[in-house]
Amino acid sequence: MTIQLMATMTRPSIDIPWHSFDNGRGWYMNDAYYLLNWHDSNKLISTTFSASEDGLTATYVREFSDWQAMDDFISDQNLLAIRSLITTYYKTMGIEIINIETKDMSDISNQKIPFNSPKFADN
């Protein structure tokens with residue numbers, strides 16, 4: 001079973017970078033803790049980023065090995081600080097998270113499951 005967590009956001013202008021500190025690769029690609037505990041352990045199977053044609057909307061999709069891995073990722077204290085920086089940056093720059101949802105990829109119907117975790121409410 002794999003679980004997909006998808007976050008969609010919008011920005012007011014293409015002149016505003018999605019992140020101020022990612023150097024085009026994402027903070028996680030240079031973080032040994034993240035790589036060892038999430039990617040190398042296969043708890044986090046993949047992370048993708050895509051932008052709309054006009055560049056104003058973007059979607060991050062993370063695929064986890066199971067529900068427990070996703071819950072652990074969301075509550076990981078080492079990653080909360082970085083998510084807090086991202087959230088602060090988004091708020092400062094007018095970037096809005098417009099949708100967060102999860103999907104159980106083992107469900108043949110691929111029905112979307114609303115993501116209402118209080119752990120994620122401020123992030």
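Modeller: Let me start with a definition: a charge sits over a ring if NZ of Lys or CZ of Arg is within 6 Å of the ring centre and within 35 degrees of the ring normal. Please bear in mind that this is a predicted model, in which local features need pLDDT of at least 70 and side-chain atom pairs count only at pLDDT 80 or more, while totals for chains, interfaces and linings use all residues. Residues are numbered from 1 along each chain as its sequence is written, and side-chain values use heavy atoms, with hydrogens and water left out.

Colleague: What makes you say that Lys43 lies over the face of Trp38?

Modeller: Lys43 is 5.3 Å from the ring centre of Trp38, a value to be set against the limit of 6 Å.

Colleague: Why is the pair of Trp18 and Phe49 called edge-to-face?

Modeller: Rings of Phe, Tyr and Trp (its six-membered ring) pair if their centres lie within 6.5 Å, and planes under 30 degrees apart count as stacked, over 60 as edge-to-face and the rest as tilted. For Trp18 and Phe49 the centres are 6.3 Å apart and the planes 70° apart, so the pair is edge-to-face.

Colleague: Why is the pair of Phe49 and Tyr60 called tilted instead?

Modeller: Here the centres are 4.8 Å apart and the angle between the planes is 55°, which falls in neither the stacked nor the edge-to-face range, so the word is tilted. Phe49 lies in strand 2 and Tyr60 in strand 3 (residues 57-64), so this pair ties together parts that are eleven residues apart in sequence. Trp18, Phe49 and Tyr60 form one aromatic cluster.

Colleague: What makes the buried residues of helix 3 line one face?

Modeller: Helices (H or I, at least four residues) and strands (E, at least two) are DSSP runs, numbered from the N terminus. The buried residues of helix 3 include Leu79, Ile82 and Ile86. Seen down the helix axis, the buried residues fall within an arc of 160°, taken from the directions from the axis to the C-beta atoms, so they line one face. The face turned away from that buried side carries the exposed residues Gln77, Leu85, Lys91 and Thr92.

How values were computed:
Buried < 20%, exposed > 50% of the residue type's maximum accessible area, 1.4 Å probe, protein only.
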